[in-house]
Amino acid sequence: MMAGGKSSAMFRPRTVGEAVEMLAAAHESGTAVALLGGGTDLVPALRSGERSAETVVALRRVLELRVRGAGADSLTIGAGVTYTDLDGWSLSPGLARAARVVGSVQIRNTGTVGGALGSARPGGDLLTFLTAADAEVLTVSPRGPERMPLPRFLADGLAPDALVTAVRLARPGGPQVYLKIGGRQAAYPAVVSCAVLVDRVRHRLTCAIGGVGLLPVRMGEAERYARDEVDWSTGTVSSSAARRFGDLVVEAAARVSPALPAGPRGSAEYRWHAAGVLAGRAFARCLHLTAPPVGEPARGSAAGGQP
Amino acid sequence: MTAVSADGLDAAAGGTDRGDAGVDGTGREKAGTDGTGRGEAETDGAGGGESYRLHVDGFLRTVSGAWIGDSLLTVLRDVLGVTAVKDACEQGRCGACSVLLDGRLAASCTVLAADADGSRVVTVAGLGGSGLTRAVRAMFLAEGAVQCGFCTPGFVVAVTDLLTRHPDADEEEIREALAGNICRCTGYGRIVAAVRAVQAERGILPPGDTPTPGDAPSRPDGG
């Protein structure tokens, strides 16, 4: 199937089955294969030489991957779904919001969910949200389909002969907020991002921070604090709890290892602080804050800036 | 053949969003029923490069022997001589290379040309000289939205796309929708004024509603 030497080939499968066959054949022939979703990461990287590929398997024509659907408890989003497709999706307002603030119209029209997972950029908006959402990644390879938790997928990476078919997350059980901070959104990834998801049914709050570690990290201690502190019958919490929540996130962010190397935008200390600010703000937006006790300042250290 | 479980997607409940995009029935991708051989690598015998066809501004163009990693931008400019798209950042950040790809605004530097096989590509030159596009061009000139002009082709495509989808966009929505296009001359005030002028001409804004460009937009990222 493959020509030898430097020649290159483009595969345009129509079904997931064809894609797996082509990927496996290309992989066996020993050529460098790249999976192409929207291309917003891959194409500039090919141009700059950051990545190379002798064979490209382009997934745009695989209509199975462009479906999103809802089960009784879960939402499944095909790997080929674009950010624009998710914008305004009423079944997951939080995911819709995270997709809405990715890049520019041009990028949102082109970039896909599968590409966000495959590229796994530290500043990826969707990764932070999906980490907080306890998402599962569905992949398929010649060995058949597989499901795995997002952290395992990100830690192990995608097998060279596998492709992501979809991501699955629970239907929302309460407010979900995604916030980020950084340079011009349309041109640069977030420096720090934060997702807070509240599940009023299961009495749970989850929080993930992107931009402090190589991958988004969950804020376990802050989550446990919130679980104990929130009045789950009303969804209210004291305003001092929002400050404490932000402080716990700052502490946890500073402990993340391995830390993301400091870039031109933002020292480590700045990013920890920003994580606390965003977390406190997202926390306050998800829950009803009760008035602070008399004599206590209204603004918290890290949770300043109310919605 | 690999077994692909239906577990992959809850397809029945969700339906297909825009399932037809990218498959326009023309070009080589035949909608035949035989599954055999479809999607085989289509290498061109001579150079080992790709051969594919693009509908560029209404004309069917054949590309042969291009490098597989070439972006749509590179192929448009360097292979097909379509200079209506401008080449600046090549990272999907500046919007100078904006085109409509099967009707959707895209940065052509982030699209793999070989993957656009069979697609309709519309540059500023293919938008036509009447209707909305005429109004956008006229108001860019009338409002001084063009200085060095390098970003203008991308802006005109992006503005036409915006006003097609969202004719009554308010200023904040205009600024957000055009965030993917960078202009280093105007500071954007004149460009927003041009968009407002198009809306006014088309009766979407009340004539007395004087646009006030330059107001700080609220941050869509909540930051």
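**Chain A overall, then a helix pair in chain B**

For a chain of 307 residues, a compact globule would have a radius of gyration near 19 Å, and chain A comes in at 21 Å, which agrees. Keep in mind that this is a predicted model.

Let's stay with chain A for a moment. Its C-alpha trace spans about 75 × 45 × 30 Å along the principal axes. On the secondary structure side, chain A has 11 helices and 14 strands. Buried residues account for 57% of its 307 residues. As for how the chain contacts itself, take the contacts in chain A with a separation of 6 or more: 66% of them link residues 24 or more positions apart.

Now hop over to chain B and find two of its helices, α3 (residues 131–142) and α4 (residues 152–165). They pack with their axes 10 Å apart, at an angle of about 130°. Angles over 145 degrees would count as roughly antiparallel and 65 to 115 as roughly perpendicular, so α3(B) ends up oblique to α4(B). The crossing of α3(B) past α4(B) is right-handed.

Which residues meet where these helices touch? On the α3(B) side, look for Leu132(B), Thr133(B), Val136(B), Arg137(B) and Phe140(B). Facing them from α4(B) are Thr152(B), Val156(B), Val159(B), Thr160(B), Leu163(B) and Thr164(B). Sort this α3(B)–α4(B) contact by class and you get six nonpolar, four polar and one charged residues.

Definitions and conventions. Residues numbered from 1 in each chain as written. Chains lettered and ligands numbered in written order. Predicted model: local features only at pLDDT ≥ 70, side-chain atom pairs only at ≥ 80, totals over all residues. Axes fitted to C-alpha atoms, helices over the stretch in contact; angles between N-to-C directions. Helix = DSSP H or I, 4+ residues; strand = E, 2+ residues; numbered from the N terminus. Parallel < 35°, antiparallel > 145°, perpendicular 65-115°, else oblique. Left-handed = near helix turned anticlockwise from the far one by under 90°. Contact = placed C-beta atoms within 7 Å. Nonpolar A, V, L, I, M, F, W, Y, C, P; charged D, E, K, R; others polar. Rg over C-alpha atoms; globule rule 2.2 N^0.38 Å. Buried ≥ 20, exposed ≤ 12 C-beta atoms within 10 Å, placed from the backbone.
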